[in-house]
Amino acid sequence: MSPLAHAEKVVVEKIVSDATAIETIVFESAPAHSQRISTSSPNSTDTSISKHVIDVDEALSEDQSTQIAQLAQGSSQRSPKVSAQASLLEPYMAPDSFSEIDPLLQVVTLVKVDKSKRRMYLLKGDEVVQEFRIALGKEPKGHKRFEGDNRTPEGEYTLDYIMERSEFYRSVHINYPRSSDRQWAEENDVDPGGNIKIHGIKNGERRSPGFIQSFDWTDGCIALTNQDMDEFIQLVKMGTPIHIEW
């Protein structure tokens, strides 16, 4: 049997016996177009090798090439196994940029806000594990007393829940007003206000976060960039106390 006929027989038998191998030959070898099969022994000289090298494309007739394409197409459509193998080749995409955060950092015991410095500190015991630049209300100095004063409360509060619906990018509610806030408001015949949050940038805002956070723009809430807000929620559990001071 001639080398050409032998090569044809080997290729065709391989096609019939293993459809998965066919798919590999077609899709992985096709771009090279000049995949070669050597029929010489490992000890052959360069001259003898050149005499026994056969182009696969030349060894296949038009009918056999059509058969390869049909079988490969069929195997790619039929088998969940192939799909599973293909899925293993897909690059892993991390769900977010915080998957590498040290789990120990997630045990934040206190959130501290220094209004005068426009800074928020996440503490684990006495250790600061993260720091954020913040923006405040339009009248940042002083404790919030009534609705519409544009001030951020001062004192000890709690982060009680994440607000799923908000006009801002993600929001965490602060449990203002406390009983002492309500009492003062009642004695002075005013509405103490409420809905104080830590939140991201307002939905639909097109200006750069760096510009937005360069001035106080909220109605009394504490604002972070959206990226910082994601990290804040990743690190801080609900129920964590927050201390706010000037």
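How many residues lie between S4 and S5 in the hairpin that they form? Two residues separate these strands, and Gly125 in the turn has a positive phi of about 70°. The structure is a predicted model, in which local features need pLDDT of at least 70 and side-chain atom pairs count only at pLDDT 80 or more, while totals for chains, interfaces and linings use all residues. Residues are numbered from 1 along each chain as its sequence is written, and side-chain values use heavy atoms, with hydrogens and water left out.

The confidence of the prediction was examined along the chain. The mean pLDDT (the predictor's confidence in each residue, from 0 to 100) of the protein chain is 74, and 57% of the residues reach 70 or more. Below 50 in pLDDT is the stretch of residues 19-61, which has 53 contacts in the model beyond near neighbours in sequence; a contact means heavy atoms within 4.5 Å. Residues 74-99 also have pLDDT below 50, with 14 contacts beyond near neighbours in sequence. Where pLDDT is low, the predicted coordinates should not be read in detail.

The protein chain contains nine helices and ten strands. These elements are DSSP runs numbered from the N terminus, helices being H or I with at least four residues and strands being E with at least two. Of the 246 residues in the chain, 35% are buried, where buried means under 20% relative accessible area, exposed over 50%, and partly exposed in between (1.4 Å probe, protein chains only). The accessible surface amounts to about 15200 Å², and carbon and sulfur atoms contribute 51% of that area; accessible areas come from the Shrake-Rupley method with a 1.4 Å probe, and for residues only the protein chains shown count as cover. Among contacts with a separation of 6 or more, 61% are between residues 24 or more positions apart.

Eight strands form an open sheet with mixed pairing, in the order S5-S4-S3-S10-S6-S7-S8-S9. Its edge strands, each pairing on one side only, are S5 (127-133) and S9 (222-223). Two strands are taken to pair if DSSP finds at least two bridges between them. Strand S3 (residues 110-114) runs parallel to strand S10 (residues 241-245), and four bridges join the two. Lys112 has His243 in S10 as its bridge partner. By contrast, the pairing of S4 with S5 is antiparallel and extends over six bridges; Arg119 is bridged to Arg133 in S5.

Helix H9 (residues 226-235) packs on this sheet, where it touches S3, S4 (119-124), S5, S6 (155-163), S7 (171-174) and S8 (197-199). The direction of H9 makes about 150° with that of S5, with axes taken as lines fitted to C-alpha atoms, for helices over the stretch in contact, and angles running from 0 to 180 degrees between N-to-C directions. The helix is mostly covered, since seven of its ten residues are buried. The buried residues are Asp228, Met229, Asp230, Glu231, Phe232, Ile233 and Leu235, and they pack against S3, S4, S5, S6, S7 and S8.

Thr225 occupies the loop between S9 and H9. This residue counts as buried because its relative accessibility is 18%. The side chain of Thr225 comes to 3.1 Å from the backbone nitrogen of Asp228. Leaving aside residues up to four places away in sequence, Thr225 touches Ile201, Pro209 and Gln213. Of these, Pro209 is in helix H8 (residues 209-212) and, because its relative accessible area is 42%, is partly exposed.

Most residues other than glycine have a negative phi, and most peptide bonds are trans. The peptide bond from Tyr176 to Pro177, however, is cis, with omega near 5°; Pro177 is in the loop between S7 and helix H7 (179-187). Arg170 has a positive phi near 60° and lies in the loop between S6 and S7. With 35% relative accessibility, Arg170 counts as partly exposed. Asp189, in the loop between H7 and S8, likewise is not a glycine and has a positive phi, of about 55°. At 72% relative accessibility, Asp189 counts as exposed.

How values were computed. Polar contact = N/O pair within 3.5 Å; in protein donor to acceptor, adjacent residues only side chain to side chain.
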